[in-house]
Amino acid sequence: MLDKIVLAAAPTSSAPQSTTPTTGGGDTGILTMIIWLVVIVAIFYFLLIFPQRRQKKSFENLMNNLKKGDTVVTVGGVIGKVTDIKNNTVKVRTGNTEMEVTKRAISSVIKSDSSDSSETKNNGDSKDIDQSEPKDPTEK
């Protein structure tokens, strides 16, 4: 009786079974991985690198057009008029105080008081004014 139980538990097929899975096409896995890698690199480029380059170019343009008499806003929120421009620093007068800040500390130019800006306003093309900040309606 014990012989019948042991024989019932034995496999019925005598062919050896493989334990490794077979793949249909060997190159499709690598090709899919390369496509996903390209997609991820493209996403990183358009979400991180491209906007950062555009912001850097905009800041360089802002610094190249900065001149004495411009009203600027620093990253700390201080509003003042530019009195002197040096290589890496700008002197800003706010009230009775004059302070020297680095060029990187200037976040935007509110308005320009030179005759060049009045000419550009007449043409409808103002390059010196940063349009990203809304103007104060109480300002005249």
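**Strand pairing, core and surface of the chain**

K86 counts as partly exposed, at 40% relative accessibility. Here buried means under 20% relative accessible area, exposed means over 50%, and partly exposed lies in between (1.4 Å probe, protein chains only). The model is predicted: local features need pLDDT of at least 70, side-chain atom pairs count only at pLDDT 80 or more, and totals for chains, interfaces and linings use all residues. Residues are numbered from 1 along each chain as its sequence is written, and side-chain values use heavy atoms, with hydrogens and water left out.

K86 pairs with E100 in a salt bridge, where the closest N and O atoms are 3.7 Å apart. E100 lies in strand β4 and K86 in the loop between β2 and β3, so the pair ties together parts that are 14 residues apart in sequence. E100 is partly exposed, with a relative accessible area of 43%. A salt bridge requires a side-chain nitrogen of Lys or Arg within 4 Å of a carboxyl oxygen of Asp or Glu. The structure holds 2 salt bridges. One of them joins the side chains of E98 and R93, at 3.8 Å from N to O. E98 is partly exposed, with a relative accessible area of 38%. R93 is also partly exposed, with a relative accessible area of 38%.

The chain has 3 helices and 5 strands. Helices (H or I, at least four residues) and strands (E, at least two) are DSSP runs, numbered from the N terminus. From that end, the elements run α-α-β-β-β-β-β-α.

Strand pairing was then examined. Two strands pair if DSSP finds at least two bridges between them. Strand β1 (residues 71-74) and strand β2 (residues 79-85) run antiparallel and are joined by 3 bridges. V73 has I79 in β2 as its bridge partner. The two strands, β1 and β2, form a hairpin with 4 residues between them. In its turn, G77 has a positive phi of about 95°.

β2 also pairs with strand β3 (residues 89-94), again antiparallel, through 4 bridges. K81 stands opposite R93 in β3. The hairpin that joins β2 to β3 runs through 3 residues.

β3 in turn runs antiparallel to strand β4 (residues 97-102), with 6 bridges between them. K91 has E100 in β4 as its bridge partner. The hairpin of β3 and β4 has 2 residues between the strands, and G95 takes a positive phi near 70° there.

N88 sits in the loop between β2 and β3. N88 is exposed, with a relative accessible area of 54%. Not counting residues up to four places away in sequence, N88 touches V101, T102 and K103. Contact means heavy atoms within 4.5 Å. N88 and V101 are 13 residues apart in sequence, and their C-alpha atoms are 8.7 Å apart in space.

The largest nonpolar core has 12 residues: F59, L62, M63, L66, V72, V82, V90, V92, V101, A105, I106 and V109. Helix α2, strand β3 and strand β5 (106-111) each supply at least two residues of this core. α2 gives the most, with 3 residues. A nonpolar core is a set of buried Ala, Val, Leu, Ile, Met, Phe, Trp, Tyr and Cys residues joined through side-chain atoms within 4.5 Å. In soluble globular proteins, nonpolar side chains tend to be buried together.

Leaving aside neighbours within four places in sequence, I106 is in contact with F59, M63, L66, V72, V73, T74 and V90. T74 is found in strand β1. T74 counts as buried, at 7% relative accessibility. With neighbours within four places set aside, T74 is in contact with A105, I106 and S107.

I40 is found in helix α2 (residues 26-64). I40 is partly exposed, with a relative accessible area of 43%.

Totals for the chain complete the description. Of its 140 residues, 17% count as buried. The accessible surface of the chain comes to about 11500 Å², of which 58% belongs to carbon and sulfur atoms. Accessible areas come from the Shrake-Rupley method with a 1.4 Å probe; for residues, only the protein chains shown count as cover. Among contacts between residues at least 6 apart in sequence, 38% join residues at least 24 apart.
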